[in-house]
2 protein chains.
Amino acid sequence: MSLPHALLTSLLEKPTSGSELARRFDKSIGYFWQATHQQIYRELARLEEAGLVSSTAEEGARGRKRNYKVLTAGKAELKRWMSQPSEHRNLRDEMMVRVRAAAIIGPHGLQEDIRIRLEHHQAQLALYREIEKHDFKDKPKDPKLGLQHLLLNAGIEYEQMYIDFCHKVLKQIESACDTRGKPRLKRA
Amino acid sequence: MSLPHALLTSLLEKPTSGSELARRFDKSIGYFWQATHQQIYRELARLEEAGLVSSTAEEGARGRKRNYKVLTAGKAELKRWMSQPSEHRNLRDEMMVRVRAAAIIGPHGLQEDIRIRLEHHQAQLALYREIEKHDFKDKPKDPKLGLQHLLLNAGIEYEQMYIDFCHKVLKQIESACDTRGKPRLKRA
DNA sequence: TTTGACATGTAACCCGTTACATGATTTT
DNA sequence: AAAATCATGTAACGGGTTACATGTCAAA
């Protein structure tokens, strides 16, 4: 249940509207926690209902921009949440399942899929590096930015790892095909 | 939608019952795709309904062990799925959200949380290494195991990366406290 | 034969997703 | 003023999770 707290964090940094939050979620926090605008609106309504945030707009002002800001209770809730043990989420990656399947029944076109993923992760890596250059390289050691820089670096390392993994799998599939002339298929 | 295909893969490797699959999912495939026994039973029922697997048990034999095996159509479906582009899942990690929050309102007990996570990931890493020693070290280069070894290594590298990240964050928080005597808090 | 563990199943809930609708605002 | 766009919202669905229920089998 991180979404409300991600929103609180984002609103604490700078009060804004739901649509703006949705856009901001494509960056920064969005690298580790994504949300569609429907989720965000739903959650903002709940947060307001719970008295954790307030918005500048009368009831039922559909279509008009609402500006949200965090109330004291909201900040308190965020602190409370921070001091609780976080829920652990395991890795969950469809491609890994496919690699496992390929180990059983052969590649069956997995290479193409991996190449697509490779492109995506390479693009993501390039984006992160661009952000790093733009946001962190000039300010040598602002301690306020330290944690955010660590987050960005975690993203960078993750992408590098993923890219590396893709290359290894491609190489492995290729070499297995070379040795045996053909991907291993147990005939049904 | 990987669960049915993960089940097909697992059943192709060795036909078994739902409960056994649930147990096996705690290992191997389970490192990258988890499922509770309810999900597994639900999905097995669907797969049988769709004619992709068959089970040894008359209708409505509740409580009695059912042995599932993959039918030809099931294997075909798995191959079809493998040649389709896979869905991309972004990272989604609650701890990262907390680190981001800590960058805004200060640590607030985050360190303790990180230490718990550290222990977990260290234990996971140790487990993976144990598996590697047990399953892969003696068989130097069985090409059939190549992909599975790569998967295991991906898990190992991921855990190492996560552990490393935790250490960095702890260090950063600590040093920030040293410099300023106290974690930076904007008073409400 | 009763107890307890095991195997399967039912039900309800919440989050995340998708499709779409409606009110406001800006552009032409 | 009509059209396009923006901001917010409603509704429905599916996967994943949790709690619990029921039937089977083996051990005491």
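Is B:Cys166 buried or exposed, and why? B:Cys166 counts as buried because its relative accessibility is 0%. Buried here means under 20% relative accessible area, exposed over 50%, and partly exposed in between, using a 1.4 Å probe and protein chains only.

## Ground rules

This is a predicted model, where local features need pLDDT of at least 70 and side-chain atom pairs count only at pLDDT 80 or more, while totals for chains, interfaces and linings use all residues. Residues are numbered from 1 along each chain as its sequence is written, chains are lettered from A in the order in which they are written, and side-chain values use heavy atoms, leaving out hydrogens and water.

## Cysteines

A:Cys166 also counts as buried, because its relative accessibility is 0%. As for disulfides (cysteine sulfur atoms paired within 2.5 Å), the count over all chains is zero.

## Chain A at a glance

Chain A has seven helices and two strands, taken as DSSP runs (H or I, at least four residues, for helices; E, at least two, for strands) numbered from the N terminus. From that end, the order is α-α-α-β-β-α-α-α-α. Of its 188 residues, 49% count as buried.

## Two helices side by side

In chain A, the axes of α5 (residues 94–105) and α6 (residues 110–135) come within 11 Å and cross at roughly 155 degrees. Axes are lines fitted to C-alpha atoms over the stretch in contact, with angles from 0 to 180 degrees between N-to-C directions. Contact (heavy atoms within 4.5 Å) involves residues including A:Met95 and A:Val99 of α5(A) and A:Leu110 and A:Ile114 of α6(A).
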